[in-house]
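Dear colleague,

Please find below the structure that I am handing over to you, followed by a summary of what was found in it. I would be grateful if you could read the text with the model open beside it.

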Amino acid sequence: MTPTRSIITAGGTITEIVNALGLGNEITATDITSTYPESMKSLPSIGYRNHIKAEGILSLAPDLVLIEEGYLNPDVVTQLKAASVAIHSFPNPTSVASTKNLVLELAEFFDQLDKGKAINEAIDTDIAELNTYLNITSLEPHAIFLMTRGPETVFIAGDKTFASEMFKLAKIQTSATGFDEFAPMTPESLVKMNPEYLIFFESGIKSLGGREGLSAIQGIEQTEAFKKDQIVSLDGQYLSGFGPRVGKAALDLAKAVRK
Amino acid sequence: MLQASQIHFCIRQRPIVDEVSLQLSPGEILAVLGPNGAGKSTFFKILSGEITCKHGTVGYNGHNIRSLKSKELAAVRAVMPQHSQVNFPFTAQEVVELGLISTTSKNPQKLIEEVMEATNTIHLNGQVFNQLSGGEKQRVQLARVLVQIWESKPFPRYLLLDEPTSSLDIAQQHAVLKILQTLKSRNIGILLILHDLNLAAQYADKIALLKNGIIAKIGKVEDVLEEKILQDVFDHPIQLIKNAATGVTHISAATQSYSAIPTFKLA
Amino acid sequence: MIPTLTHTKIQRQNMTLMSFGFVLGLVVLTSLSFGAFSIPFPQTLAILFDQMGLSFGSYELQQSNVLLQIRLPRVLMAIVVGGGLGISGAALQGMFRNPLVEPGLIGVSSGSALFAVLFMVLIPTATATFSWVKLLGLPFFAFVGGLTCVTAVYQLSKSQGKIDAATLILAGVAINALAGSLIGLVLFFADDSALRSFTFWSLGDLGGATWAKIPLTFLLIVIPSILLLFNARQLNTLALGEQEAFHMGVNVQQVKIRLLISCALIVGVGVSMVGMIGFVGLVVPHLIRILFGADHRLVLPGSFLLGAILLNFADLVARLIVIPAEMPIGVITALIGAPFFIWLIFNLNKSRN
């Protein structure tokens with residue numbers, strides 16, 4: 001059955017949840033962080049964050065535009081509203097609780113509350129499985145998350161990021177950094193922190209030219225993580241999205257540092 | 001009358017102009033000469049209103065310069081600078097027309113035409129100012145400056161020039177000075193700083209000799225041009241030579257020192 | 001009889017300005033007709049005529065929304081900011097007596113951007129986007145920043161009453177470097193995305209133009225531009241030198257203050273709305289002078305119109321060249337302006353020798 005409405009989503013998590021609610025085939029275009037499910041990658045892209053312009057979205061003639069709060073430039077939102085586009089923004093989830101809230105909000109928006117509840121139950125199940133696993137093991141390994149875009153651009157996750165939250169879920173110890181968001185990594189701090197494990201996005205490893213390129217990061221060769229080849233990489237949207245797969249992502253992360 | 005009374009101007013306690021008083025009447029050319037560092041430029045700027053001095057007064061036609069607004073001052077005196085750099089491609093005529101801002105002429109076109117004729121610059125009107133020769137630029141600037149004071153008024157006007165001939169060749173120098181002479185009949189008084197004693201002697205009516213911020217001598221040309229006075233002022237032997245054929249007195253630097261001047265050298 | 005500022009010369013100047021206005025109209029029409037969203041030309045005309053109360057044909061609602069809500073404010077913003085950059089560039093060149101001066105070079109733009117960024121950090125952005133405090137405060141702060149920087153550059157480059165060109169450029173470089181690094185510093189520590197990215201400030205972006213921003217921007221750019229026009233004769237005399245202008249009865253101090261304030265306001269408001277866009281203020285007055293001579297009574301209004309034309313054209317290219325994305329407009333103006341700047345320097349050296 002051909003869909004009667006066309007939706008544009010901006011924000012990988014929004015896309016995931018809309019798809020999980022069974023409306024994936026109505027999405028006609030997304031932003032470049034919407035990489036799950038795989039089929040979203042082949043849709044036309046509207047761009048990234050404040051590089052997205054109103055006319056670009058309008059040229060795709062959407063019936064509905066759903067965005068993560070703050071994803072688009074506020075002027076662009078104003079322009080779209082002035083052009084009578086139905087645009088709605090939803091808060092960005094930063095924890096399991098807020099994920100479940102977002103799921104219910106979107107479910108209510110599409111009048112699919114039952115489906116929403118089902119998704120949340122699945123998340124609960126995943127979290128239960130995670131906790132079961134964590135009860136068995138007593139290890140609390142120490143790790144830090146590094147965001148990289150090439151060897152010269154290395155950022156460490158601060159204390160109020162997705163990484164700190166995911167680490168809490170997966171019972172991973174991390175060094176306190178003293179700042180909330182991401183900040184540039186200095187080689188000396190990296191050596192001082194000496195993590196057991198280093199966590200990356202898959203795209204981050206790719207920007208270094210693969211695992212062989214890791215040594216280009218100054219200071220990394222002195223860390224325990226590098227010496228023991230304890231490098232973990234996960235898909236960006238999977239690890240940081242706080243979407244329906246958050247429980248599974250936390251479990252994968254927990255297992256990866258407890259080999 | 002342009003009157004300067006007891007002008008005194010210091011920079012950091014050092015007097016540049018110590019005590020200068022002089023008068024300029026319309027219809028006469030007063031040349032101010034003196035060695036470098038005598039205070040001529042500073043005095044000139046005080047006369048033109050560029051610098052204000054604490055001691056002494058400058059008066060134009062009986063009005064204290066400080067009581068005149070800039071537009072009123074512009075109506076009574078014009079100043080020709082030594083050098084003027086124009087960084088934009090104005091034509092010669094446009095430069096002359098700039099002078100119109102200082103007047104409220106009923107017939108600006110006629111005014112421009114008259115000053116350009118008087119300065120022999122009409123044929124240059126369409127050319128770009130920056131591409132003119134040094135002498136042509138001076139005459140165009142003179143035309144611009146004349147726009148300010150050209151038209152007849154019920155009061156005398158004054159033209160102040162700072163070394164108008166310094167970078168000109170002989171023909172150009174005399175051309176400019178001859179133009180200045182024609183201004184005398186227009187109820188204009190002219191004061192100019194010169195370096196060349198002979199030019200001053202030839203064209204000025206009165207001469208003021210300035211040294212160390214004081215007027216050494218001021219008066220009619222014949223009275224001021226005396227060997228002893230000139231030597232004192234310029235610290236150099238001077239000889240006056242009368243040209244029997246033309247009757248003109250030439251001033252030249254002498255190579256011998258006069259016995260009247262104390263010297264540690266013997267001839 | 002020599003031709004002076006007679007009736008015919010004024011007439012010729014007016015004809016020139018009117019033809020610029022006509023070209024501007026054409027460029028505006030072209031800008032309105034093209035974009036990522038495709039609107040056929042007959043529909044564009046239909047929408048525009050309909051706004052004037054004339055019926056010309058039919059069009060779709062979405063087309064008129066795009067044209068009137070997204071493209072039209074953008075084009076108007078380009079007209080007023082481009083015009084402002086042109087006329088303030090011409091006025092600054094006249095005031096500094098240097099034809100190589102432009103707002104970006106002498107620190108007005110970056111000073112405005114710095115203070116605009118500081119304002120956005122100080123005022124919580126959680127407030128509604130168009131509370132009047134934010135609407136007025138942002139351009140005002142930018143104006144103060146631009147004025148502070150241009151005054152600093154002016155004072156640094158003055159010696160014995162004359163403006164030394166070399167010191168002027170150096171002072172501009174220094175102020176630009178300082179302001180630029182401070183902008184980077186502020187943006188680094190403040191992680192609010194509403195502060196806009198560094199590329200917005202350093203390369204400019206007309207994409208955020210909305211109807212709400214237009215009236216204030218117009219007012220704060222057009223009024224000082226008119227003030228500049230009234231000072232055209234004084235600017236002409238300043239071209240000779242400040243002493244010479246004083247001797248001719250011009251109140252030099254007053255004129256300079258008026259010029260600095262007007263230019264800082266125009267550039268400050270422009271930068272606070274669309275970021276720093278370079279080279280327009282340099283290229284445009286030059287082209288006008290090459291074509292029509294140095295009289296500011298023509299150079300000033302001509303620079304406004306040509307600036308409006310140039311920025312619209314550059315924005316059109318920026319919007320079309322990488323659809324559906326956009327090239328930052330500063331890249332386009334630099335690609336046009338920098339080679340022109342190099343040619344200017346080359347010619348300057350040639351005319352010296």
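In what follows, two residues are in contact if their C-beta atoms, placed from the backbone, lie within 7 Å. The model is a predicted one, in which local features need pLDDT of at least 70 and side-chain atom pairs count only at pLDDT 80 or more, while totals for chains, interfaces and linings use all residues. Residues are numbered from 1 along each chain as its sequence is written, and chains are lettered from A and ligands numbered from 1 in the order in which they are written.

**Contacts between chains**

Between chain A and chain C, the contact takes 20 residues from chain A and 22 residues from chain C. Helices α2 (54–58) and α3 (74–82) of chain A each supply at least two residues of the side that touches chain C; helices here are DSSP runs of H or I with at least four residues, strands are runs of E with at least two, and both are numbered from the N terminus. The most is given by α3(A), with 5 residues. By residue class, the side of chain A that touches chain C divides into 6 nonpolar, 10 polar and 4 charged residues.

Which chains share the most contacts? Of the 2 pairs of chains in contact, it is chains B and C. There, 25 residues of chain C are in contact with 30 residues of chain B. On the chain C side, α9 (232–238) and α10 (242–247) each supply at least two residues, and α10(C) provides the largest share, 4 residues. The side of chain C that touches chain B comprises 9 nonpolar, 11 polar and 5 charged residues.

Chain A and chain B are joined by no contact, and their closest C-alpha atoms lie 42 Å apart.

**Chain A**

Chain A has 11 helices and 9 strands. Along its principal axes, the C-alpha trace of chain A spans about 55 × 40 × 30 Å. Of the 259 residues in chain A, 45% are buried, a residue being buried if 20 or more other C-beta atoms lie within 10 Å of its own, exposed if 12 or fewer, and partly exposed in between, with C-beta atoms placed from the backbone. Among the contacts in chain A with a separation of 6 or more, 60% are between residues 24 or more positions apart.

Chain A is divided into domain 1 (7–116) and domain 2 (143–256), with bounds that come from an automatic or database domain assignment. The centres of the two domains, taken over C-alpha atoms, are separated by 27 Å. Their contact takes 14 residues from domain 1 of chain A and 8 residues from domain 2 of chain A. On the domain 1 side, α1 (12–23) and α4 (96–109) of chain A each supply at least two residues, and α1(A) gives the most, with 5 residues. The side of domain 1 that touches domain 2 holds 6 nonpolar, 7 polar and 1 charged residues.

Lys248(A) is placed in helix α11 (residues 246–256) of chain A. Is Lys248(A) exposed, partly exposed or buried? Lys248(A) counts as partly exposed because it has 17 C-beta neighbours inside 10 Å.

Chain C contains 14 helices and 2 strands. Its radius of gyration is 21 Å, close to the 20 Å that the globule rule gives for 353 residues, so chain C is as compact as a globular protein of that length. The C-alpha atoms of chain C fill a box of roughly 65 × 60 × 40 Å, taken along the principal axes. Of the 353 residues of chain C, 50% count as buried.

With kind regards

Methods
Ala, Val, Leu, Ile, Met, Phe, Trp, Tyr, Cys and Pro count as nonpolar, Asp, Glu, Lys and Arg as charged, and the others, Gly among them, as polar. The radius of gyration is taken over C-alpha atoms; the globule rule is 2.2 Å times the number of residues to the power 0.38.
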